[in-house]
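Dear colleague,

Please find below the structure for your review. My notes on it follow directly after.

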Amino acid sequence: MRSGNPALKESTFLDLGTGALSRGDNEVMSLNGTVNKTGALLLLCVLTATFAWHQVSTPDGIVGAAPYVWGGAIGGLVLALITTFKKTWSPVTAPLYALVEGFFLGAISAMFNHRYEGIVLQAVMLTIGTLFALLFAYRTGLIKATENFKLGVAAATGGIALLYLVSFGLSFFGIRVPYIHESGLIGIGFSLFVVVIAALNLVLDFDFIETGVEQRAPKYMEWYGAFGLMVTLVWLYIEFLRLLAKLQSRN
């Protein structure tokens, strides 16, 4: 008689050595599967970003960018929170996040590029270069995701997020946090620091994916791993845009 328990399908078996129930390879997280899903999310993001770019870029300048910027930012945040708390939904919410975030990135990139021509291509190349450089450093053991490393990066990331949140809240009252958003040496130094922390979050993503594969996590975690990597890449790209804008505004 066939059991209704999804963990007891024909593709599962008992490990005779430990007695633990293991899933077949087609039901567990794999590195290739995560890489493929990351590529799919990036493609979806690029498609909607390209659409938004062409919608807001006109011969007269940037027009109608606000709905794409705010809609993409708020929608992306909501979907990111849902994905974080409901990992089993990630096969659906992760692609939706990529699509919605693409609208935000396309509009904001067009705005930056309108003011500083060529800045978007530079930010894209820096983001890709950083991704592969950190991947190489991680795979060769130059950077190891030790517990102290994870704690330090997480603490710095939380501090940056809190500072951005406070800055955003104060802006509604006409109060601007000094220095960090300006193109002075302190502002550029702050952006460099944030870029480094964002880049180091890639190492945490690599470690999370590798650990999931080693522990034979459920198949849907491929989507969740790809989603986490996508979030970090979006953050890194935005910070590169901000840094390059500050540098070019000094010229």
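Tyr179 is found in the loop between H5 and helix H6 (185-214); helices here are DSSP runs of H or I with at least four residues, strands are runs of E with at least two, and both are numbered from the N terminus. Please note that this is a predicted model, in which local features need pLDDT of at least 70 and side-chain atom pairs count only at pLDDT 80 or more, while totals for chains, interfaces and linings use all residues. Residues are numbered from 1 along each chain as its sequence is written, and side-chain values use heavy atoms, with hydrogens and water left out.

Although Tyr179 is not a glycine, its phi is positive, at about 75 degrees. Most residues other than glycine have a negative phi. Tyr179 counts as partly exposed because its relative accessible area is 48% (buried means under 20%, exposed over 50%, and partly exposed in between, with a 1.4 Å probe and protein chains only).

The loop between H5 and H6 also holds Ile180. Ile180 is buried, because its relative accessibility is 9%. Leaving aside residues up to four places away in sequence, Ile180 touches Leu163, Gly187, Phe190, Arg242 and Lys246 (contact means heavy atoms within 4.5 Å). The C-alpha atoms of Ile180 and Ser191 are 7.6 Å apart, and the two residues are separated by eleven residues along the chain.

A positive phi, of about 55 degrees, is also found at Arg216, which is not a glycine. Arg216 lies in the loop between H6 and helix H7 (221-249) and, at 33% relative accessibility, is partly exposed.

On the surface, Trp70, Ile74, Val78, Ile82, Trp89, Phe168, Phe172, Phe173 and Ile175 form a nonpolar patch with about 1,000 Å² of accessible area together. Helix H2 (residues 66-85) gives the most to the patch, with four residues. Phe168 belongs to helix H5 (residues 147-171) and is partly exposed at 41% relative accessibility.

As for the chain overall, it has seven helices and four strands, in the order β-β-α-β-β-α-α-α-α-α-α from the N terminus on. Buried residues make up 40% of its 251 residues.

With kind regards

Note on methods: Patches are made of residues with over 30% relative accessible area and no salt bridge: like charges are joined within 9 Å, nonpolar side chains (Val, Leu, Ile, Met, Phe, Trp, Tyr) within 5 Å. Accessible areas come from the Shrake-Rupley method with a 1.4 Å probe; for residues, only the protein chains shown count as cover. A salt bridge is a side-chain nitrogen of Lys or Arg within 4 Å of a carboxyl oxygen of Asp or Glu.
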